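Hi,

Here is the structure I promised to pass on. Have a look at it first, and then read my notes below.

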Amino acid sequence: MPLSHRSYGAARVVSPRGRLDHDNCEGFQRDLAAQLDACTQEGAALVLDMSGIEYVSSAGLRCLMIAAKQAATRASRIVVASPQPVVAEILQISRFNLVLPVFGTTREALASISPQAAQAFDKG
Amino acid sequence: MRVRFWGTRGSIPVALTAADIRDKLARALVAASGRRFESYGEAYAFAQEALPFSVSHSFGGHTSCVEFETGHAEYFVCDMGSGARAFGEHILARQGERPATVNVFMSHVHWDHIMGFPFFGPAYVPGTRIRIHGCHDILEHAFRLQQSPPCFPVSFEQLGATIEFVRLAAGKPFHVSGLSVTPQLQRHSGDSYGYRFEIGGRSIVYTTDSEHKLEDRVQTAAIVAFFRDADLVIFDAMYSLAEAISVKEDWGHSSNVVGVELCQMAGAKHLVLFHHEPANSDAAIEGALRDARRLEELTRGAQPLRVSAAHDGLEIDL
């Protein structure tokens with residue numbers, strides 16, 4: 001699962017696409033770890049834009065948990081943005097919304113990181 | 001084939017408090033909303049049919065004990081948690097003067113799974129035969145230890161029943177009194193074993209105190225094969241998924257979410273959430289059931305999966 005990204009101030013928005021399940025979670029975890037390394041070097045937070053994710057299984061959620069733990073050890077952070085309705089419901093059912101901050105839009109997620117990141121997003 | 005749940009709680013027995021009862025009564029009165037009942041029967045029917053389970057009932061507080069009534073004269077039960085006391089009373093009432101033969105299958109010997117045995121009435125009745133099956137080499141030691149000073153006043157040697165310990169091996173089918181049972185090693189502190197039972201064309205998987213991580217494809221495939229096409233899967237759903245893979249990772253328990261996923265992968269027919277977290281209220285367990293049913297709905301494939309939550313006293317006919 002190729003992970004495209006865009007940077008907005010002190011935030012890197014990563015946008016995976018497709019399904020996140022047992023079949024592809026290992027690759028996703030590797031790619032997400034690389035994005036997290038880049039965030040650490042940049043001193044940036046990671047916004048996971050989930051708008052392109054159709055479904056996430058427990059294995060996919062485990063990848064997010066591992067990344068969140070890695071971020072915590074590096075004084076960084078990960079937030080989730082724009083989940084599709086089904087994914088938003090899965091995040092609630094699994095109680096992941098209590099572990100990772102989940103925002104309805106990418107802009108809201110960026111605003112939680114810094115006003116500058118939200119302003120950069122507004123400018124496109 | 002009837003499955004009867006005598007104990008469904010994890011880790012330690014719990015009981016409703018006075019405050020819990022008051023809360024249920026207050027909620028029931030609010031739900032009745034000025035309704036008038038002419039008789040106890042009318043009020044009973046309202047409580048039974050119109051109120052949420054968590055208001056009119058309780059999931060109960062006894063620890064693991066699940067009976068399989070197979071139609072055979074002998075008894076079959078998984079684990080000897082505190083629910084075993086009531087199970088023993090049931091046997092004594094049903095048997096009258098006739099001594100019983102009881103086949104026990106032990107997932108492991110943590111205290112919540114053996115604590116009912118000293119209060120299991122048939123163990124004190126001469127002529128009763130109790131076969132305790134399990135895969136742990138410390139099986140007999142654990143049962144004797146909990147009935148040694150200073151833990152309990154009646155020693156194991158004083159029990160009237162004839163008690164034998166039968167060692168099973170993971171992956172090897174074992175046949176006893178018309179029942180076929182295959183154990184499978186599970187991830188839990190000190191190891192635990194799940195059991196797949198087959199009888200009369202029906203299959204039941206009892207898998208408690210097991211942390212199914214699904215991070216290893218080979219292990220996941222083995223679990224799915226163990227669950228394959230089961231009519232009933234009794235599943236350790238103690239935590240939420242987020243808990244199970246964060247603050248409670250490696251505590252040896254699973255979640256409702258993983259239960260749904262594994263049963264769907266295996267084509268199982270009925271998932272029963274089991275080994276409820278003792279800190280969870282009836283409303284919280286009902287919420288976990290609601291969530292599991294919704295997840296099943298969201299992710300349903302060709303075959304629907306029925307999802308239930310076990311409660312003390314639940315009976316399921318297969």
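Predicted model: local features only at pLDDT ≥ 70, side-chain atom pairs only at ≥ 80, totals over all residues.

Let me start with the pairing I'd like you to find: B:Val66 sits opposite B:Cys78, which belongs to strand S3 of chain B.

Strand S3 of chain B (residues 75–78) runs antiparallel to S2(B), and 3 bridges join the two. Between these strands of the hairpin there are 5 residues, and B:Gly71 takes a positive phi near 95 degrees.

S2(B) also pairs with strand S1 of chain B (residues 2–7): they run antiparallel too, with 5 bridges joining them. Here B:Val66 turns up again, this time with B:Phe5 standing opposite.

Now for chain A. It has an open sheet of 5 strands with mixed pairing, and the order is S1-S2-S4-S6-S7. Which strands stand at the edges? They are S1 (4–8) and S7 (102–103) of chain A; each has a single partner strand, so one side of each is left without a neighbour in the sheet.

For S1(A), look at how it meets strand S2 of chain A (residues 11–15): the two run antiparallel and are joined by 5 bridges.

Cheers

Technical notes:
Residues numbered from 1 in each chain as written. Chains lettered and ligands numbered in written order. Pairing = 2+ DSSP bridges. Helix = DSSP H or I, 4+ residues; strand = E, 2+ residues; numbered from the N terminus.
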